[in-house]
Amino acid sequence: MIVGHIANKTPFSNYDALYYREANSNPKHVAIVGGGIASATLVASLAQRGIKTTLYCKDNEPAQGASGNRQGAVYPLLNGEHQGVSRVFAPAFLYARQFAEQAAIRFDFDHDWCGVTQLMWDEKSEKKLERMLSGKFPTELIQRLDAAQTTAAIGVESPHASVNYPLGGWLCPAELTKFNRTLQDLWNAHGSLQQRSSISDADRRRQMANIAKQV
């Protein structure tokens, strides 16, 4: 491997002038490519900030790819060292859940915060999940269950221990994607979006805020 340095580097000289753009700190209109849940969620978030969007997608309808699935699990991707993606996904999971709960105030879509359980069904999965638990996360975020507790949690007889994400659950990506497209249409048609301030689960919101401080 050859290693070196540039003694007198000109700032941004490695950018092709055709593609380099200065950051815009006050965008008014944003172009988004894609018709799945990620782009649709971004549309909704920008609309709440008063920013118009134009969505570009090759499909005639939203959620025609992977976001068209009828069910998707919602839980954080953690690791025992709590580094890298783990540091991102722990608070991001709490934000995603809050986003979904706020969406449910305005629009009906299939979802249930029933918790998510991963079984230690073989030696490899057991080592992986035990290593994850070594991160000493708040039990509200992730906890270990023995076989009896696992059976009680999932309602099906299980001979395996597990890890459980009490705040996790599932939702229908296709329905949530279409809801966020509806927000875009409202914003582009009327130029504003009224944010609902009432939250039915205020106690849960405070609990999640406290967990976020710990992760």
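**Terms and what they rest on**

Author: Of the 215 residues of the protein chain, 33% count as buried, where buried means under 20% relative accessible area, exposed means over 50% and partly exposed lies in between, with a 1.4 Å probe and protein chains only. This is a predicted model, in which local features need pLDDT of at least 70 and side-chain atom pairs count only at pLDDT 80 or more, while totals for chains, interfaces and linings use all residues. Residues are numbered from 1 along each chain as its sequence is written, and side-chain values use heavy atoms, leaving out hydrogens and water.

Reader: In which sense do β1 and β2 pair, and what makes them a pair?

Author: Two strands pair if DSSP finds at least two bridges between them, and strand β1 (residues 29-33) and β2 are joined in the parallel sense over five bridges. His29 stands opposite Lys52 in β2. Between these strands the chain passes through helix α1 (residues 37-48), and this β-α-β crossover is right-handed, which means that, with the strands pointing away from the viewer, the path from the first strand over the helix to the second runs clockwise.

Reader: Why are α1 and α2 called roughly perpendicular?

Author: The axes of α1 and helix α2 (residues 85-106) come within 12 Å and cross at roughly 75°. Angles of 65 to 115 degrees count as roughly perpendicular, those under 35 as roughly parallel, those over 145 as roughly antiparallel and the rest as oblique, and α1 and α2 are therefore roughly perpendicular to each other. Thr41, Ala44, Ser45 and Gln48 in α1 meet Tyr95, Phe99 and Arg106 in α2, a contact being heavy atoms within 4.5 Å.

Reader: Why do β3 and β4 stand at the edges?

Author: Three strands form an open, antiparallel sheet in the order β3-β8-β4. β3 (72-74) and β4 (111-112) each have a single partner strand, so one side of each is left without a neighbour in the sheet. Three bridges join β3 to strand β8 (residues 169-171), and Trp170 in β8 is the bridge partner of Ala73.

Definitions and conventions
Helix = DSSP H or I, 4+ residues; strand = E, 2+ residues; numbered from the N terminus. Axes fitted to C-alpha atoms, helices over the stretch in contact; angles between N-to-C directions.
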